[in-house]
Amino acid sequence: MKSVIDTEQKTIINIEKLDLYYESFHALKGMDLQIPEKAVTAFIGPSGCGKSTLLRTLNRMNDMIPGTRIEGKVLIGGKDIYGGNVEVESLRKQVGMVFQQPNPFPKSIYDNVAYGPRLHGSPPKAELDELVEQSLRQAALWEEVKDFLKKSALSLSGGQQQRLCIARALAVQPDILLMDEATSALDPVSTQKIEELVQELRDRYTIVMVTHNMHQAARVSGKTVFFLNGVIVEAADTEQLFSNPKDSRTEDYISGRFG
């Protein structure tokens with residue numbers, strides 16, 4: 001079933017007839033989807049439905065899983081990222097990712113944020129200092145850590161660590177930020193801070209987030225995509241999808257009758 005997000009915004013990601021297999025398991029089936037630029041798109045659906053798998057195709061994280069085979073196209077900015085002459089390292093600079101569990105490096109707060117810029121070049125210290133501060137400010141963490149940047153990142157709280165991971169992703173100046181259940185391991189206060197951060201960043205970055213929390217999708221996203229059994233069932237403006245879904249399966253999931 002073809003599902004496309006209808007939007008007047010410029011499309012940055014086009015997924016065309018995408019099938020993904022793990023060995024003989026057909027995980028994603030005939031997916032067609034457009035994702036708008038500088039907006040928040042949420043992927044929702046039950047566990048194992050394919051939403052995280054699709055998210056990982058957007059920066060080729062599935063390449064790391066043996067036996068993975070992909071058919072179809074994923075176009076970012078008009079370029080097929082599974083075509084020839086694609087440098088995966090450059091792709092992952094353009095498409096950053098924040099995972100479910102905070103995963104700061106066992107380094108200082110400063111070195112965590114500086115890691116990406118150093119990896120992709122050797123900026124002068126003054127430029128690097130400015131980039132670290134800018135990224136921490138964008139992640140709403142600067143005021144909390146500015147006086148102890150040399151302190152271990154592992155000493156931060158879980159919520160602070162996750163915001164640090166967002167700052168680390170932003171430091172390489174990506175166009176797209178992927179968030180794979182980035183708040184599911186956090187307490188309600190930290191979750192609220194991340195959601196507020198997403199709303200602040202959405203005018204500057206394209207954000208695609210996987211969430212099990214439908215209230216979260218309703219709060220922060222402009223577009224929502226509902227997945228079931230490796231298929232996109234429905235994709236629409238969030239308000240429309242939650243208030244007037246076109247597919248009965250979407251309605252059942254949102255209302256809690258699913259299953």
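Good morning. Two strands are taken as paired if DSSP finds at least two bridges between them, and the elements themselves are DSSP runs numbered from the N terminus, with helices being H or I of at least four residues and strands E of at least two. On that basis, strand β7, residues 176-180, and strand β8, residues 206-210, run parallel and are joined by five bridges. Within this pair, Leu178 has Val208 of β8 as its bridge partner.

Before I continue, a note on provenance: this is a predicted model, in which local features need pLDDT of at least 70 and side-chain atom pairs count only at pLDDT 80 or more, while totals for chains, interfaces and linings use all residues. Residues are numbered from 1 along each chain as its sequence is written, and side-chain values use heavy atoms, with hydrogens and water left out.

The β7 and β8 strands belong to an open sheet of six strands with mixed pairing, in the order β6-β7-β8-β3-β9-β10. Its edge strands, each pairing on one side only, are β6 (95-98) and β10 (231-237). From one strand to the next, the twist averages 20°. Helix α10, residues 248-255, lies across β3 (40-44), β9 (223-228) and β10, running at about 100° to β9; axes here are lines fitted to C-alpha atoms, for helices over the stretch in contact, and angles run from 0 to 180 degrees between N-to-C directions. Contact means heavy atoms within 4.5 Å.

A separate pairing involves β1 (residues 11-22) and β2 (residues 25-36), which run antiparallel and are joined by eight bridges. Asn14 stands opposite Gln34 in β2. The two strands form a hairpin with two residues between them, and Glu23 in the turn has a positive phi of about 55°.

I turn now to helix packing. The axes of α3 and α6 are 7 Å apart, at an angle of about 35°. On the α3 side the contact is made by Ile109, Asn112 and Val113, and on the α6 side by Leu164, Ala167 and Arg168. By class, that contact has four nonpolar, one polar and one charged residues, where Ala, Val, Leu, Ile, Met, Phe, Trp, Tyr, Cys and Pro count as nonpolar, Asp, Glu, Lys and Arg as charged, and the others, Gly among them, as polar.

Both helices return in my last topic: α2 (88-94), β6, α3 (109-119) and α6 (158-170) each supply at least two residues of the lining of the largest pocket. Thank you.
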